[in-house]
Amino acid sequence: MGGIDQAFVQEPEQRPKSSTIEVDGIPVIDMSVSGTGGIEKLASEIGNACRKWGFFQVINHGVPLELRQRVEKVAKAFFDLPIEEKRKAKRDDLNFTGYHDEEHTKNVRDWKEVFDMLIEDPTFLPASPDPDDEEIRTYSNKWPENPPEFRETCQEYCREVEKLAFKLLELISLSLALGVGRHRDGGALTVLAQDDVGGLQIRRQSDGEWIPIKPIPNAYIINIADALQVWSNDLYVSAEHRVVVNSEQERFSIPLFFFPSHYVKVAPLDELVNEQNPAKYKEYSWGKYYINRTGSNYKKLEAENLQIDHFKTPESE
């Protein structure tokens, strides 16, 4: 491993294999439909993708290509700045927004730089994961001085992608027969723009193999997150995923995480639970869960990261 910092090194069983499985990949869904029949078909396609993969790509999604190109350009300009300049907007222990280069996934340091921002500014979250701590903390974005157009471009882009996320959540609600508008409070999705370098892989549900997601120009990758898996009572899956380092090219990705409000209690939906299909999860506080997970992203912990499996009911284990 030469001079690589051991903090970046995965355990042997977690490292990617040298061989790559060639498959057709996750579903690609065209969102340019109209009429009741077209919408129902689209919702069905999305439901099938959520059930089988937990991931899919969307094309003809309505987010302007020109805007995506602008945000990619301004992001590259920021990350190309000297480290001293980037660290002027560095996150700290009291505010997780801004620049950071010491993120962890499952207690292993990630080889990447990030810039985190909030769509809702300010955003309100619990001060700690302690269930007895009722303090609510206010978070605001920490913006860099350069590039000067960074803030405005990012905010414009986030507003457009948020519209797509709401549209997708409505279609997922339809696929679960909950009706349009059910649980519109943002939650449980990631909308990802990745460049043509690729490297994203997901673990296939059927056999546990890691499957590469091939980049499609101007497509967005959608993945089901933990809250939606719980709401659907395991009908839809939050698939494990990872990114393989490219030793020759830098990789840019721009994810939008679409989360519930901090006060939301997450549990299987009543419409999806009955005697034959009892609730597989206990109710938990989204805000407390998020703060616990956010804290573990930025430092190595002695204990295992909190996962939704910790809220499984005894009957489902």
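1. The model is predicted: local features need pLDDT of at least 70 and side-chain atom pairs count only at pLDDT 80 or more, while totals for chains, interfaces and linings use all residues. Residues are numbered from 1 along each chain as its sequence is written, and side-chain values use heavy atoms, with hydrogens and water left out.

2. The chain has six helices and 16 strands, taken as DSSP runs (helices H or I, at least four residues; strands E, at least two) and numbered from the N terminus.

3. Of its 317 residues, 44% are buried, that is, under 20% relative accessible area with a 1.4 Å probe, protein chains only.

4. An open sheet of five strands has the order β1-β2-β12-β9-β14, with mixed pairing; two strands pair if DSSP finds at least two bridges between them. Because β1 (28-30) and β14 (253-258) are at the edges with a single partner strand each, one side of each has no neighbour in the sheet.

5. Strand β9 (residues 189-194) runs antiparallel to β14 and is joined to β14 by six bridges. Thr190 lies opposite Phe257 in β14.

6. Helix α4 (residues 150-175) has 26 residues and should therefore span 38 Å at 1.5 Å a residue, which agrees with the 37 Å between its end C-alpha atoms. The expected span is 1.5 Å times one less than the number of residues. After α4 comes Ala177, with a positive phi near 60 degrees.

Note on methods:
Buried means under 20% relative accessible area, exposed over 50%, partly exposed in between (1.4 Å probe, protein chains only).
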